[in-house]
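This report concerns a single structural model and takes up its sheet, its nonpolar cores and a few individual residues in turn. The sequence and the structure are shown here for reference.

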Amino acid sequence: QVHLEESGGGLVQAGGSLRLSCVMTGHTFSLYAAAWFRQAPGKEREFVASHSANGGLTAYGDSVKGRFTISRDGGNAFLQMNSLKPEDSAIYLCAARGGWATSVSNDYDHWGQGTQVTVSS
């Protein structure tokens, strides 16, 4: 059974950085496309970044381009978040699917529980 678990969230001041990690157990993560989404209270789930299973193709949501970087290393996926803003505060969720990486949350089959990121002004 595939299981995803995120870590690395926390409280940070505006302008600061955080690095989120996502580990997959139960299967080989490198065979899956990976993505990060986020959800703030009262808002819809928002695409943050995705990374293909091979070839290293990445994509980013408009609100995080130039500030966030998604990467992978074997059985882990990472999200480096720089120049954080209060509006980046949300629960960040790792997702995986066995196919092309997309920006659509409904395309993803496997989800972690999420990690809270709070950015203070």
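## Met 81 and the nonpolar cores

In this predicted model, Met 81 touches Gly 16, Ser 17, Leu 18, Leu 20, Arg 67, Phe 68, Tyr 92 and Val 117, leaving aside residues up to four places away in sequence. Met 81 is also among the residues with the most contacts inside the largest nonpolar core, a set of 27 residues in which Phe 29, Trp 36, Val 48, Phe 68, Leu 79 and Tyr 92 are listed alongside it. At least two residues of this core come from each of strand 3 (18-25), strand 4 (33-39), strand 5 (46-51), strand 7 (68-73), strand 8 (76-81), strand 9 (90-97) and strand 11 (115-120). Another core, of 5 residues, lies apart from it and includes Phe 37, Phe 47, Ala 95 and Tyr 108. In soluble globular proteins, nonpolar side chains tend to be buried together.

Four of the strands form an open sheet in the order 1-3-8-7, with antiparallel pairing. Its edges are strand 1 (3-7) and strand 7, each of which pairs on one side only, and from one strand to the next the twist averages 15°. The pairing of strand 7 with strand 8, antiparallel in sense, extends over 6 bridges, and within these two strands Thr 69 of strand 7 stands opposite Gln 80 in strand 8.

## Arg 67

Arg 67 lies in the loop that runs between strand 6 (58-60) and strand 7. Is this residue, Arg 67, buried or exposed? Because its relative accessibility is 10% and the limit for burial is under 20%, Arg 67 counts as buried. Its side chain reaches two backbone oxygens, as tabulated below.

| Side chain | Backbone oxygen reached | Distance |
|---|---|---|
| Arg 67 | Ser 63 | 2.8 Å |
| Arg 67 | Ser 83 | 2.9 Å |

## Pro 41

Pro 41 is found in the loop between strand 4 and strand 5. With a relative accessible area of 79%, Pro 41 is exposed, whereas Arg 67, also a loop residue, is buried. The C-alpha atoms of Pro 41 and Ile 91 are separated by 8.7 Å, although the two residues are 50 residues apart along the chain.

Methods
Residues are numbered from 1 along each chain as its sequence is written. This is a predicted model: local features need pLDDT of at least 70, side-chain atom pairs count only at pLDDT 80 or more; totals for chains, interfaces and linings use all residues. Side-chain values use heavy atoms; hydrogens and water are left out. A nonpolar core is a set of buried Ala, Val, Leu, Ile, Met, Phe, Trp, Tyr and Cys residues joined through side-chain atoms within 4.5 Å. Buried means under 20% relative accessible area, exposed over 50%, partly exposed in between (1.4 Å probe, protein chains only). Contact means heavy atoms within 4.5 Å. A polar contact is a pair of N or O atoms within 3.5 Å; within protein, one must be able to donate a hydrogen and the other to accept it, and residues adjacent in sequence count only if both atoms are side-chain atoms. Two strands pair if DSSP finds at least two bridges between them. Axes are lines fitted to C-alpha atoms, for helices over the stretch in contact, and angles run from 0 to 180 degrees between N-to-C directions.
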